[in-house]
Amino acid sequence: MTALQTIASVRQRKSQSSVSAWFERSVPALVLSPGVCVSVIFVYGFVLVTGYLSFTPSTLMPRYALVGLDRYRDLFSNDVWWESVNNLAWFTVPFIIGSAAFGLLLAILMDQRIRYEGALRATFLYPLALSQIVAGTAWQWLFNPTYGLERAVQNFGWSSFRFNWLGNPDLAIFCVVIAAIWQCTGFVASLFLAGLRSVDDEIVKAAQIDGASLPTIYRRIILPVIRPVFFSVTLILAHLAIKTFDIIVVMTAGGPGTATWLPSYFMYTFAFERGRMGIGAASAMMMLAMIVAVLVPLMYLESRATRNAT
Amino acid sequence: MQHSSLTVRAVLYLALLLFAALFLIPFYLVLVTSFKDVAELRRGNMLSLPETWTVAAWLKAWSAACTGAACNGLRPYFYNSLEMVVPAVLISSVIGAFNGYALAQWHFRGADAIFTLLLLGFFIPYQAILLPAAQFLGYLHLSNTIAGLVLIHVAYGIAFTTMLFRNYYVSVPSDLVKAARVDGAGFFLIFRKIFLPISLPIFTVCIIWQFTQIWNDFLFGAAFSGTTARPVTVGLNNLVNTTEGVKEYNVDMAGAVITALPTLIVYIFGGRYFVRGLTAGAVKG
């Protein structure tokens with residue numbers, strides 16, 4: 001607390017006696033509280049209710065009798081749930097690696113004192129201004145085997161070219177991965193670029209004088225310095241991956257069959273379309289658990305890396 | 001970096017151009033497809049420009065395409081989205097401005113705890129609040145209404161707008177506020193005289209960002225809008241994935257551009273502010 005703050009708080013305490021002074025002092029809290037209350041109720045209150053619902057026999061309408069862990073048993077004995085979790089792994093790992101690698105590459109390229117940096121950044125970032133529904137619509141068309149990319153390549157003369165990933169249960173998820181990488185890479189690149197720009201120029205100059213080549217400088221000096229950025233990028237991408245929903249709905253609707261169901265899709269379908277509210281709530285709680293399981297270690301690592309870097 | 005031998009620079013720019021093309025090609029394909037007719041789609045190359053340009057697909061997507069049982073195009077949903085986005089953006093921005101100002105400049109006990117609580121809320125998957133939120137809207141008789149969607153978007157937007165304004169206002173020297181208080185100025189007067197005049201950039205960031213988020217939302221729209229208040233993202237999904245009739249990709253693509261147009265225009269004219277909102281969200285989020 002600065003000296004001025006102390007004086008101000010002493011002044012406040014002195015004028016506590018009168019009601020109008022009390023009111024004047026409480027205005028900030030009074031202004032703040034409705035918004036905070038709404039936010040806390042809608043987020044934390046509703047999470048608690050969802051948690052409660054996951055212990056009830058609710059189906060189409062909520063019922064409030066407690067039945068213990070029955071809904072979790074239902075969930076864990078449901079094959080489609082496990083397939084959704086499995087699909088999420090197949091989605092998340094290539095999505096994070098792809099967006100991070102591609103984003104870092106773009107950031108390094110843009111960090112070379114290039115011209116038209118603004119225009120390039122704008123180009124890499126515009127997919128983020130689009131709804132996932134729009135992006136998914138576009139990519140579904142590109143991946144269409146009859147009229148899409150497959151035909152375009154065949155028209156170039158490679159007539160045996162086949163590209164029917166969307167219709168293939170083993171490969172459809174990667175179509176969604178590609179679309180998601182396309183949408184997120186520009187954002188990842190700006191995060192990395194901000195990190196690269198924060199590296200002290202003096203270190204780089206010193207290394208150059210010592211004769212280090214540019215790739216060596218990046219590998220040995222710059223990238224280790226921006227290690228905290230790697231953690232925040234992973235953190236952001238991992239939690240985006242767990243929340244992925246819209247783009248699945250529009251590109252594959254979970255198909256073929258259940259090959260691209262994700263936990264978010266499972267939750268929505270069971271809770272809102274099949275009238276299995278209890279299982280839906282249980283799956284939502286498991287999604288929350290996944291996010292916590294990913295975030296807590298990453299946040300810990302990030303804070304440690306930040307402390308070491310400064 | 002002094003590595004400026006000419007070939008290295010050439011390769012660098014070539015790579016950047018290539019990547020830029022990679023990002024733009026999907027949009028180019030969507031655009032040219034939307035101006036072709038179905039016969040040309042069947043025989044032609046998806047990469048080529050239309051042989052005959054036609055806006056028929058656009059007209060159909062706007063006012064006649066089937067989105068499930070109804071065949072009124074995207075127009076009603078587009079208007080729903082507009083009706084939803086304007087109040088939701090304005091209300092959440094104003095609340096965020098006052099909250100952020102109170103948190104940044106009026107030190108009281110628990111301010112940091114409140115801020116942390118709001119921030120952690122970003123990470124919670126919306127699936128974990130959908131069911132109670134649907135019931136809550138039901139209690140308020142706001143199920144399947146635009147007002148209900150506005151309420152939801154405001155409630156879940158406050159945390160972000162508060163953070164945005166708080167991080168902006170925190171850089172104002174607190175001595176300024178203290179001096180004003182010594183002179184007898186109150187909470188609202190100080191906001192009006194000191195903070196409001198410097199707030200144009202941050203309001204722009206906030207409005208652009210909230211507009212993009214709320215316009216692009218699909219999950220809340222799908223869960224809470226019924227058939228009467230559907231936003232345009234839900235309309236587009238129904239258009240693209242409708243099982244009735246023959247699939248017309250040109251109409252789908254025209255619909256996609258119509259849905260994307262408002263946020264794209266905002267991005268083109270306010271991209272700078274958009275990026276600021278993005279990094280503000282990322283640094284804290």
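A nonpolar core is a set of buried Ala, Val, Leu, Ile, Met, Phe, Trp, Tyr and Cys residues joined through C-beta atoms within 7 Å. In this predicted model, the largest such core holds 172 residues. The members touching the most other members are V176(A), A179(A), L237(A), Y101(B) and I129(B).

**Contact between chains A and B**
- On chain A, 79 residues are in contact with 76 residues of chain B.
- Helix α2 of chain A (residues 19–53) contributes the largest share of the chain A side, namely 18 residues.
- That side of chain A comprises 58 nonpolar, 16 polar and five charged residues.
- Beyond four places in sequence, I129(B) touches F42(A), V43(A), F46(A), V47(A), T50(A) and I124(B).

**Surroundings of P57(A)**
- P57(A) lies in the loop between α2 and α3 (70–76) of chain A.
- P57(A) counts as partly exposed because it has 15 C-beta neighbours inside 10 Å.
- Leaving aside residues up to four places away in sequence, P57(A) touches R63(A), A65(A), V67(A) and G278(A).

**Domains of chain B**
- The domain assignment divides chain B into domain 1 (6–54) and domain 2 (75–284).
- The centres of these two domains of chain B, taken over C-alpha atoms, are separated by 33 Å.
- Eight residues of domain 1 of chain B are in contact with seven residues of domain 2 of chain B.
- On the domain 1 side of this contact, α1(B) gives the most, with four residues.
- The residues on that side of domain 1 of chain B are four nonpolar, two polar and two charged.

Methods: Residues numbered from 1 in each chain as written. Chains lettered and ligands numbered in written order. Predicted model: local features only at pLDDT ≥ 70, side-chain atom pairs only at ≥ 80, totals over all residues. Contact = placed C-beta atoms within 7 Å. Helix = DSSP H or I, 4+ residues; strand = E, 2+ residues; numbered from the N terminus. Nonpolar A, V, L, I, M, F, W, Y, C, P; charged D, E, K, R; others polar. Buried ≥ 20, exposed ≤ 12 C-beta atoms within 10 Å, placed from the backbone. Domains from an automatic or database assignment.
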